[in-house]
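Work through the exercises below with the sequence and the 3D structure at hand. Each task is followed by a solution in steps.

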Amino acid sequence: MSGITDINEFHRKILDSIWIGVWAVDKYENIVFFNKGMEYIFGTPKEKVLGTNVLRYIKEQSMRDQKHFCELFCRVKRTVTPAPYDSLSMITRKGNLTYQSGVLVPLLDDRGNYDGMVGTVEDITERKLSEKQTLDFLKTEKELEMIYKSSPVVAFLWLADGNRPVEYVSDNLDQFGYNAEDFTSGRMNYSEIIFPDDLEKFQSHIRKDEAEGSKYFSQQYRILTKDGKVRWVSERSLIVRDENYVPAYHQGIVIDITKQKKSQEALLEAEKKYRLIFENSPLGIFDFDNEGVVRHCNDNLIKILGLPKEEIVGFNLMTSLRDEKMKAAFESVLSKKSGHYEGEYKSTTADKVTPIRACYSPNISEDGLVLGGIGIIEDITERKMSYDALKASEEKYSSLVENGNDGIVIIQEHVLKFANSKFEDLTGYSKEEMIGKSFFEFISPEYRDIIFEMYEMRSKKDPTIPHKYEIYILSKEGEKVATELNTSYIIHNGKPADMAIIRDITERKKAEKALKEYAHELARANEELKSLDRMKDEFLSNVSHELNTPIVSIKGYSDLVYDETLGNINDKQKDALEVVLRNTQRLISVVNSLLYISMMESEAIEYKFEDVLISNIIDNVADDMTAQIKKKSLSLQKNVPADLPPVKGDREKLATLFTNLMDNAIKFTDSGGQITFEAEEEKQEEKEEQNFIHIKISDTGIGISKELIPKLFQRFYQIDASTKRKYGGTGLGLYISKSIVDAHEGQIWIESAKDAGTTIHVRLPCQYSKT
């Protein structure tokens, strides 16, 4: 390259002797000149640098902004226009922080084409650090004051000293009982409030991070509040170093994590309990990942399978199971279902054959992904041996009873152990379908309870219990067969059992059945209706309880995200969370209504009556509904005297009453409308008569047709389908409200007309009458 190779020895000596670093590259980016100033700044002799690619060399240095330098180099090369750079920071080979500035100058050949580049480097570290320390300190102090003034996070600036003297601390330090002046005045050092058992570990950790050149220090430890209480805190600090890379001060935050620590400790305690169950279970237990690879197992599984633990952990159920039925049971987990298997398991790595019962259950994440599953293995060798022995015993005496005219069965612990061919004929079931099932499955439902009661009493050898019964048994087709049951106590396979001789008395019962058929049908229909009603109530109760648990978690975590406790969120995310929280609150209201109805039906609602002031309850309800009222741009007027006499009432139920009525008023009133709360004492003419508090909730909403008003207090009633779609709701609010008023021996009624607003009246008896 002519522009570089023409530099004569004289010029080289001049460039080599100046204190500013000078370097040059040819048009291929290879370094061809590297003066002594560059050797001093970079700490590298030129012999190791000459001939290397300059961009590759820069990337090998500890330059913090090497990307910016490389982009600048390429721009100068492309535009052939000189460009300066300033305050590029880098760590020298000795570990010192330095700042560099300089200029890049393109070299051109005789035709004006790019032919290489010359660069200068000046070390401005001393000036830069001096300016930066002063500016950083002032800027940091102002920024910390602004950022942390109202934050639960306490901001600190400590000197890098073992006792950590405090140069600055935010005012919210008062959450620990101290004020900032306690520390900034020098009366106290930060190390004095660190829990004594944690101090040595804390200081050791800091010394280690400082010695290793760490930029940040992070640790959890305990501190003592001013009144002597112990709090867990988490600290995250920046280690700021001076021009010699010696720690100068620590700038960081401290946040109270006591609650999180307690939760972690509770989780660890729970884990210990579950591990105790896992390790001491009489069953073999293991877990596997979503690829079917076993990750953990307990000692009992090792015992059942007769394999060392290292051969079980890591075993792939998906690819290595030989038994197709067992493999099919396992693969049910991948479809998010439980799988079951019973048979003989032969180890893939040993000759042991074990009769087992296996159950596989999936582990499903909150977003519906299969994370793996749990397997439970039971050794059923003893059970299988008992069954085989029973089968051999049956074969010995089966020929004596198989050809009898009556059905013969043996029942042990409610389970059918034996049935002859005649019983097969009576029921239409095969022996294989009956053996092992509860005998009560073959008895008509109306006889099961009494037979069960007699069975239990007979097992206690009560001599007064009869041994002969007339019952109906059920055939496979569901038909009832009239039979006479004659039982006797026997010992079967060494255990107490019942033998029953069952005679078909169908012909004898036909006439009786014809006479009572109508009565039985009515009774059965009545039982079915009761069963459906119970199922309905149980369903409402179970659904309400099952929904409440995830709803509480959803609302709790949504509140945490919305409040940015778990991290910053943008405005769109905040708007979305507002929708989630609003609809979660609606769902909570629906679930609470359903749960309340379920409790009413089961007569489980309890009232705690006491002297309460209606004015206080109305004020609290109105305050709670302020957000909803503002959201719809409604106005609220209250005319509720504070000196109204008290009523004998349940504070919580009355709050529910007025919340429901207020919610309806808001729901059915368009934006810009008005809601009015009024209350007054109604004095009776006769002194002996009861006085009342008369409350009125009025709105300017859509109103209700007069012919529909009598139906509004019915359970689940909605005015019409279109209203239900537009305004939502369960139709339970007014029904619940009436039940609460009735419990307080009051009255509730509605005055309304379509498009003319609605007024709901509530009269509650006073605790005492004014004279």
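**Exercise 1.** What volume does the second largest cavity have? Find its lining as well.

Solution. The model is a predicted one.
Step 1: the count of cavities of 30 Å³ or more comes to three.
Step 2: for the second largest cavity, the volume is about 120 Å³.
Step 3: 14 residues line the second largest cavity, and Trp-23, Met-38, Phe-42, Ile-58 and Val-121 lie nearest its centre.

**Exercise 2.** Which elements supply at least two residues each to the lining of the second largest cavity, and how do the lining residues divide by type?

Solution.
Step 1: the elements are strand S2 (31-34), helix H3 (36-42), helix H4 (54-60) and strand S4 (83-91).
Step 2: of these, H4 gives the most, with three residues.
Step 3: sorted by type, the lining has 13 nonpolar residues, one polar and no charged.

**Exercise 3.** Describe the largest nonpolar core, starting from the residues with the most contacts inside it.

Solution.
Step 1: this core has 40 residues, and Ile-614, Phe-658, Leu-661 and Ile-695 have the most contacts inside it.
Step 2: at least two core residues come from each of helices H20 (614-624), H22 (651-667) and H24 (733-743), and from each of strands S25 (674-682), S26 (692-699), S27 (747-752) and S28 (758-765).
Step 3: H22 gives the most to this core, seven residues.
Step 4: leaving aside neighbours within four places in sequence, Ile-614 is in contact with Val-647, Leu-654, Phe-658, Ile-693, Ile-695 and Leu-764.
Step 5: another core, of 25 residues, lies apart from the largest one and includes Phe-73, Tyr-85, Leu-88 and Leu-104.

Notes
Residues numbered from 1 in each chain as written. Predicted model: local features only at pLDDT ≥ 70, side-chain atom pairs only at ≥ 80, totals over all residues. Heavy atoms only, no water. Core = buried A, V, L, I, M, F, W, Y, C linked by side-chain atoms within 4.5 Å. Buried < 20%, exposed > 50% of the residue type's maximum accessible area, 1.4 Å probe, protein only. Helix = DSSP H or I, 4+ residues; strand = E, 2+ residues; numbered from the N terminus. Contact = heavy atoms within 4.5 Å. 1 Å grid on protein atoms, 1.4 Å probe; cavity = no way out; pocket = protein on both sides within 12 Å on 5 of 7 lines; lining within 4 Å. Points joined across faces, edges and corners; volume = space filled by probe spheres on them. Nonpolar A, V, L, I, M, F, W, Y, C, P; charged D, E, K, R; others polar.
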